[in-house]
Amino acid sequence: MKLTFPHMGNMYISVKVLLDTIGIDYVISPECNKKTLAYGSPHSPESICLPFKTILGDMLYGIQNGADTVLFGGGCGQCRLGYYGDLQRVIINDLGYDVNFVFLELGEMSFKDMIDKLKPLTKGKSMFTIVKSIILAIKTVFFTEALYDFSNYTRCREKQNGKTDIIMGIFHKKLRDTRGYSSIKRLIKKTKAELKKVELKKDFIPLKVALVGEIYTLLEPFANLEAVKKLGNLGVEVHNHISVKFWVVEHFLKKLSPIRLKNKPRLAAREFIKVDDVGGHGIETIADTIGAKGKFDGVIQIYPLTCMPEIIAQATFSEIQKRYDLPIMTLIVDEMTGEAGYQTRLEAFVDMLERRKQLQEMDLVNAKSGMSELS
Amino acid sequence: MSKSECFLGIDVGSVSTNIVLIDESGTIIEKLYLRTSGKPINVLISGMQKISNKYSSSINVKGVGTTGSGRQLAGVIVGADIIKNEITAHSVAAQKYVPDVRTILEIGGQDSKIIFLHNGVVSDFAMNTVCAAGTGSFLDRQAARLEIPIEEFGAYALKAASPVRIAGRCAVFAESDMIHKQQTGHKLEDIINGLCEALVRNYLNNLAKGKEIMEPILFQGGVAANVGIVAAFERELNKKIIIPEYYDVMGAYGAALIAKEKIQSSNAQTKFYGFNSINNSYSAKSIECNSCSNQCEIIEILANNKCIARWGDRCGKWSQLIQAV
């Protein structure tokens with residue numbers, strides 16, 4: 001048996017650890033690129049979102065390179081993602097490929113359902129190995145996330161532009177041929193040490209921007225046209241709450257936990273929208289945007305064209321903007337997105353945030369001097 | 001005779017390439033509005049030559065700013081002190097014209113923008129997201145199809161007698177709808193007026209999104225020359241629209257002003273290569289990098305067959321290379 005699975009940002013690092021530890025053979029398609037899209041696009045419905053096309057592209061690449069089983073974890077609320085897997089299965093079958101599909105609909109599944117679904121993959125492996133590999137994979141998620149967060153920290157502060165990008169580029173290249181938990185962990189550690197050596201500007205306080213929106217486009221640099229890198233190189237510290245870590249915690253770990261915690265951000269979103277679910281991470285988008293007030297200078301929403309949950313979320317923004325005086329910009333991406341216009345929007349947004357910040361600081365100074373005059 | 005000190009602003013857009021020369025006080029000495037016609041390098045150079053022929057003996061360029069979608073390209077060719085996006089450039093220029101401006105409507109060749117200002121700072125902006133309907137190129141195309149010179153296109157709309165509703169959501173549908181209306185016998189003036197109204201409706205729905213449009217309102221960009229669109233805006237908003245004197249080169253004007261501010265505040269030397277450098281032969285070359293799965297298209301800008309800039313790579317390998325040289 002040979003497995004393949006689609007990309008979602010840096011998730012493949014942890015999946016690699018998982019499969020290596022269990023001992024399942026796999027094919028990974030190259031990191032999402034134009035060719036992935038060229039694989040997926042011709043067989044996808046025309047007006048479906050960009051992630052569908054690239055995910056299908058990843059699957060087809062895997063199948064054409066020897067995989068006989070497709071693993072895909074999706075499904076969250078009423079988003080089309082719920083039908084994603086089924087539609088892709090039909091398309092792949094119609095193309096004449098006879099392969100097995102394992103779709104984990106994480107939104108609705110219990111832990112037992114999950115083990116049942118995974119059974120054909122783990123035939124002949126001991127429970128101990130399986131549990132161990134899941135734990136190691138989850139640990140890797142946290143390590144990787146920390147590395148990415150740290151690179152976001154250095155990128156906007158580095159003295160010489162581009163240093164962080166080069167280190168992260170080398171990391172990605174080496175990662176392809178690194179296998180097993182301990183070697184991957186070592187590589188991450190080494191990269192982090194490299195990043196620590198990057199010379200940073202002193203006394204520089206960067207603008208802080210929160211990214212919100214559709215999870216796949218946020219995590220996949222190809223889909224969001226490297227928004228994180230572009231903003232970082234403009235001297236902006238980028239935070240993305242909807243990450244692989246979030247996904248694993250929200251849809252996997254919390255499922256396992258016997259205690260049902262109150263979903264605080266979701267409750268916060270009630271201020272603007274009185275439903276529990278609009279599909280995908282629409283409610284999270286609203287909640288994270290509200291949560292950004294006071295902590296961030298601005299919010300950027302990114303979603304693929306035709307993404308229904310995010311369109312609903314976007315509708316609340318003019319109201320949020322008015323009530324909290326929080327700048328929000330929306331970027332919609334699909335395969336036709338022009339990079340020049342995208343860069344212009346990012347630059348203009350950053351310019352605007354900078355001027356606002358300067359004025360706010362001036363106001364603060366004026367207010368202070370006004371106070372001292374009064375006393 | 002001592003040379004007067006000047007600043008250059010260059011806006012390389014999809015439809016037009018504009019060059020503005022301003023003096024130390026920020027007054028426009030010369031403006032050029034040239035059609036880009038898909039050849040940004042040639043047009044930029046011929047524009048620079050025009051400026052050079054007329055002024056090179058009497059002025060001293062202290063600073064250069066570039067903007068527009070070709071700002072990087074223009075920046076490396078002339079040697080720019082600042083390379084700024086259009087939103088910032090347009091708002092700086094508008095504020096110079098009307099200091100307390102609250103709303104800027106800007107419709108260019110390939111994009112349209114709306115900029116809101118509050119206390120002299122951009123407080124919000126929007127650019128058309130997924131469709132180019134309602135931009136200059138579309139009007140250009142329709143004018144060409146109807147064989148009306150673009151300069152007279154708007155005037156036709158003013159002669160309209162009865163309203164015709166055109167579907168303005170998408171350029172392709174708008175065109176089919178116009179053809180349909182022509183075939184059912186509507187008058188040309190009415191159709192053109194309908195188109196102007198559709199574009200304005202589309203613009204306000206998609207960009208302004210119900211946000212309050214406060215006066216003073218400035219209308220900039222090449223489309224501001226279209227009296228039909230201006231009239232449609234005034235009808236729809238029921239507010240007065242101000243068209244600045246140099247509405248068509250506001251981006252370049254803004255870039256020049258930003259360059260002036262930067263040079264004057266920092267007392268820096270300009271990076272401008274001088275008027276002689278435009279006699280070099282410039283060309284662009286594109287190569288596909290095969291080092292990784294991204295397969296970036298790398299653009300190389302050559303001056304006299306020597307590479308002066310590279311971009312388009314995601315990893316920074318190629319663009320770093322040139323910085324090291």
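**Entry 1**

Two residues are in contact if their C-beta atoms, placed from the backbone, lie within 7 Å. I kept that cut-off in mind while I went through this predicted model.

I began with helix H6 (residues 127–155) of chain A and looked up what it meets in helix H8 (residues 181–197) of chain A. From H6(A), the residues in the contact are Leu136(A), Thr140(A), Phe143(A), Thr144(A), Leu147(A), Phe150(A), Ser151(A) and Thr154(A). Facing them from H8(A) are Tyr181(A), Ile184(A), Lys185(A), Ile188(A), Thr191(A), Lys192(A) and Leu195(A). I sorted these residues by class and got eight nonpolar, five polar and two charged.

Next I wanted the geometry. Two packed helices are described by the angle between their axes and the distance between the axes. For H6(A) and H8(A), the angle is about 15 degrees and the axes are 10 Å apart. Angles under 35 degrees count as roughly parallel, and H6(A) and H8(A) are therefore roughly parallel to each other. I also noted that the crossing of H6(A) past H8(A) is left-handed.

**Entry 1: the domains of chain A**

I looked up the domain assignment of chain A, which gives domain 1 (2–123) and domain 2 (206–375). How many residues does each domain bring to the contact? I found 22 residues from domain 1 of chain A and 23 residues from domain 2 of chain A. On the domain 1 side, helix H3 (residues 50–64) of chain A gives the most, with three residues. By class, that side of domain 1 of chain A has 13 nonpolar, nine polar and no charged residues.

I found Glu226(A) in the loop between helix H9 (215–219) and helix H10 (227–233) of chain A.

**Entry 2: where chain A touches chain B**

Then I turned to the contact of the two chains. Chain A puts 24 residues into this contact, and chain B puts in 23 residues. Which helix gives the most to the side of chain A that touches chain B? My answer is H16(A), with eleven residues. Helix H16 spans 339–374, and helix H7 (163–176) of chain A also supplies at least two residues of this side. The classes on the side of chain A are nine nonpolar, six polar and nine charged residues.

**Entry 3: a helix pair in chain B**

In chain B I picked helix H1 (residues 40–55) and helix H2 (residues 71–78). They pack at an angle of about 50 degrees, with their axes 11 Å apart. That makes H1(B) oblique to H2(B). The crossing of these two, H1(B) and H2(B), is right-handed.

I listed the residues that meet: Pro40(B), Ile41(B), Leu44(B) and Met48(B) come from H1(B), while Leu73(B), Ala74(B), Ile77(B) and Val78(B) come from H2(B). The contact of H1(B) with H2(B) has eight nonpolar, no polar and no charged residues.

**Entry 4: the domains of chain B**

I wrote down the division of chain B: domain 1 (4–89 + 251–279), domain 2 (99–243) and domain 3 (282–324). The C-alpha centres of domain 1 and domain 3 of chain B lie 24 Å apart. Their contact takes six residues from domain 1 of chain B and six residues from domain 3 of chain B.

Here I met my two helices again. H1 and H2 of chain B are the elements that give two or more residues to the side of domain 1 that touches domain 3. H2(B) gives the most to this side, with four residues. Sorted by class, this side of domain 1 of chain B has five nonpolar, one polar and no charged residues.

I traced an open sheet of five strands in chain B and noted the order E3-E2-E1-E4-E5, with mixed pairing. Why is one side of E3 and of E5 in chain B left without a neighbour in the sheet? Strand E3 (28–35) and strand E5 (82–83) stand at the edges, so each has a single partner strand.

Strand E4 (residues 59–67) of chain B runs parallel to E5(B), and two bridges join them. I looked up one residue, Thr66(B), and its bridge partner in E5(B) is Ile83(B).

Last, I checked a peptide bond. The bond from Glu215(B) to Pro216(B) is cis, with omega near -5 degrees. Pro216(B) is in the loop between helix H7 (188–208) and strand E9 (217–220) of chain B.

Technical notes
Residues are numbered from 1 along each chain as its sequence is written. Chains are lettered from A and ligands numbered from 1 in the order in which they are written. This is a predicted model: local features need pLDDT of at least 70, side-chain atom pairs count only at pLDDT 80 or more; totals for chains, interfaces and linings use all residues. Axes are lines fitted to C-alpha atoms, for helices over the stretch in contact, and angles run from 0 to 180 degrees between N-to-C directions. Angles under 35 degrees count as roughly parallel, over 145 as roughly antiparallel, 65 to 115 as roughly perpendicular and the rest as oblique. A crossing is left-handed if the near helix is turned anticlockwise from the far one by less than a right angle, and right-handed if clockwise. Ala, Val, Leu, Ile, Met, Phe, Trp, Tyr, Cys and Pro count as nonpolar, Asp, Glu, Lys and Arg as charged, and the others, Gly among them, as polar. Domain bounds come from an automatic or database domain assignment. Two strands pair if DSSP finds at least two bridges between them.
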